[in-house]
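Subject: Structure for you to look at

Hello,

Here is the structure I said I would pass on. Please open it beside this message and read the two together.

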Amino acid sequence: MAVRHLSRRANTLSPLLPYTPNHHTRYYASAIPVPTATTSDTTNANPQHEAALSHPDPAADSQSARFTSQHDPYHIATYAKAPPVMVKGFGSRIWDMENRSYLDFTAGIAVNSLGHAHPEFVRLLAQQAGTLAHCSNLYHNAWSGELAKLLVTKTRSSGGMHDAARVFLSNSGTEANEAALKFARKVGKVRDPSGAKHEIVSFTGSFHGRTMGALSATANPKYQAPFAPMIPGFRHGKFNDIESLDALISEKTCGVIVEPIQGEGGVHEASTEFLQALRDRTKAVGAVLIYDEIQCGMGRAGSFWLHSSLPPALHPDIITTAKALGNGFPIGAVVASEGVSSAIMIGDHGTTFGGSPLASRMGHFCVEKLSDPSLHEAVRKKGQQFKQHFGRLREQFSHSVGEDRGRGLLLGLQLMSDPVPVVTAARERGLLVITAGTNTLRFAPPLIITDGEIEEGMKILGEAMEAAFRSPSDIHGQLVGRQQEIPPVR
Ligand SMILES: Cc1ncc(COP(=O)(O)O)c(C=O)c1O
C-alpha cells in the first residue's frame, strides 16, 4: 500500500521545471524493495491506527531510528525533531530514509522556493565550486557585485524600495538583521554624535533571529529569557497599534524593524495604515525604517518583495533578506538606501564568508528566477487555491478551524487547539506542514508547487484533520513539530 502511494505521488512533478523522466526514474522509481516502517514498526501503541497510515513514523527498530540513535547523543538539543530522516528531495517532494516520499508544504521554512534539487541550481553550484568557492572580501570576485547590482535593479523594477542603492551580503537572516541594526545605530551616531540616538524599536510577535542584536529585537520572552540580559536600547511596541507610535518612536530612535508579515509569530500581516504610520513617524524623527522580508520576500507573498505591492510612500530605508535568496545555500543580504549606506565606513562591519563567489553565484541565480513577474502571478493564484480549501475545511470542521491569514504562499490557518496532532497526522499520511505562533498551521510550500500537488496535499490535510480532531490522543508524537519551541531552562 505504501509502495503504490509512493509511485503515484512521484509521478506528479512540477511541469514548471525542466525535469527529465530519466532524472526522476534514476532517483525514485526503484524504491520498491526498501523495507519501510509499515512492515517493521513496533513502537506504536495502536496497530490499527498504524495500519491505516501510509507513512507511520519510523519505529524503534527501523533503519531511521538506529541511525538517529547513533547521532542524537552528539547534538546539542536545540530542536525537537520529527522521527523521519530526510535524505533527498526533488521539486516539491522529500524522501526519507525508509524511501517514502512526502509532499512538502514547508520548503524548509520558506527556503526552497525553487524546489528541491533544482537541476540548474545543482549544475551552477558544482560549476562555481569547481571554479572559485571563496577568496575573502579582501579581493573583488566575479559574482558578489553582480548579485548586489541585480538585487538593487530588481528591487526597483519590481516596484519595491525606490531608493535602493547598495547591498551588504551576509550568511543568514539573523546576520542580515544584525548588520541592519548596526547600520541603523551608525546612522544614529552620524545624525546625533552625542550617542543619544541609539534606540531600536521592534514589535510584539516578531521574530528577527537568534544572535544577540536580532534576539534583542525579537519581542518574545520565550526566546529572550534564557539569554537575558538583552542588549540595551531596544524597545518593543504592540504590532499594528498606531496609537502607541508617537510615544514609542522618539528623537532617541535610530531604527525601527518590522516584518510586513510576521511569519513565526503566526502569519499576521502588518496593516497598510500601520506601515504608513511607521514610515511617517520614522521620517519625522530621522530614524531608519527596516523591513525584515526574510520570510515574506523573494516572491513568496506574490510580489518580489511584499512591499513591492505598496506605494512608494511606504517604502523602507533597509530591506533584509535570506532564506529563499539561496534556495538552501546559506546567504543573507541587506539592501539599503544611499542615505544609510553613506554612513557606513570601511572597517565598520564585515564577514569572512558573506559575498563569497559561491554564495553570490547561487543568490544571483535565485534572484533571477524569483523576481519573475509570471512566477508572482502564479503564486497569487496558488494562494487563492489554498484559501478555497481553507474555506472548505472551516465548513467541515467548524469547531476546530478558524480564520486563514497571509498572502501568496505564506499562509496561516488558525486552529482552536494545539496543531501538533494535525502536523503529526499529516506527516504520517505523507504531507509536511509546520506550525507558527499560537495554534496556527503554517503553509510555505515551494513556489513551483503545482495545482495538482496542492490538491493532493489538501486532501491529505483533510484526512489528517479528520483523524486528529476525532481523537487527538490517538495521534502519537505530540511533542514533535514545534519549529521554534525551546526546551525549558534548567
Ligand atoms: C522574519 C525572519 N527574520 C529573521 C529570521 C532569522 O533567519 P535565520 O534563521 O536565517 O538566521 C527568520 C527565520 O525564521 C525570519 O523568519
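Below are some notes on what was found in it.

This is a predicted model, in which local features need pLDDT of at least 70 and side-chain atom pairs count only at pLDDT 80 or more, while totals for chains, interfaces and linings use all residues. Residues are numbered from 1 along each chain as its sequence is written.

Overall make-up

The protein has 18 helices and 17 strands. Helices (H or I, at least four residues) and strands (E, at least two) are DSSP runs, numbered from the N terminus. Of its 490 residues, 51% count as buried. A residue is buried if 20 or more other C-beta atoms lie within 10 Å of its own, exposed if 12 or fewer, and partly exposed in between, with C-beta atoms placed from the backbone. Among contacts between residues at least 6 apart in sequence, 75% join residues at least 24 apart; a contact means that the C-beta atoms, placed from the backbone, lie within 7 Å.

The ligand

The ligand is surrounded by 15 residues, and the closest are Gly-173, Thr-174, Gly-209, Ile-294 and Gln-295. A residue belongs here if its C-beta atom, placed from the backbone, lies within 6 Å of the molecule. Helix H9 (residues 173-191) gives the largest share of this shell, three residues. By class, the shell has four nonpolar, eight polar and three charged residues. Ala, Val, Leu, Ile, Met, Phe, Trp, Tyr, Cys and Pro count as nonpolar, Asp, Glu, Lys and Arg as charged, and the others, Gly among them, as polar.

A sheet

An open sheet of mixed pairing is formed by four strands in the order E1-E2-E3-E15. Its edge strands, E1 (86-90) and E15 (431-432), each pair on one side only. Two strands pair if DSSP finds at least two bridges between them. E2 (residues 93-96) and E3 (residues 101-104) are antiparallel, over three bridges. Trp-95 has Ser-101 in E3 as its bridge partner.

Backbone exceptions

Most residues other than glycine have a negative phi, and most peptide bonds are trans. Ala-228 and Pro-229 are joined by a cis peptide bond, with omega about 5°. Pro-229 lies in the loop between helix H11 (221-224) and strand E6 (234-237).

Asn-240 is not a glycine, yet has a positive phi of about 70°. Asn-240 counts as partly exposed because it has 19 C-beta neighbours inside 10 Å. For Asn-439, also not a glycine, phi is positive at about 55°.

Regards

Terms used: Two residues are in contact if their C-beta atoms, placed from the backbone, lie within 7 Å.
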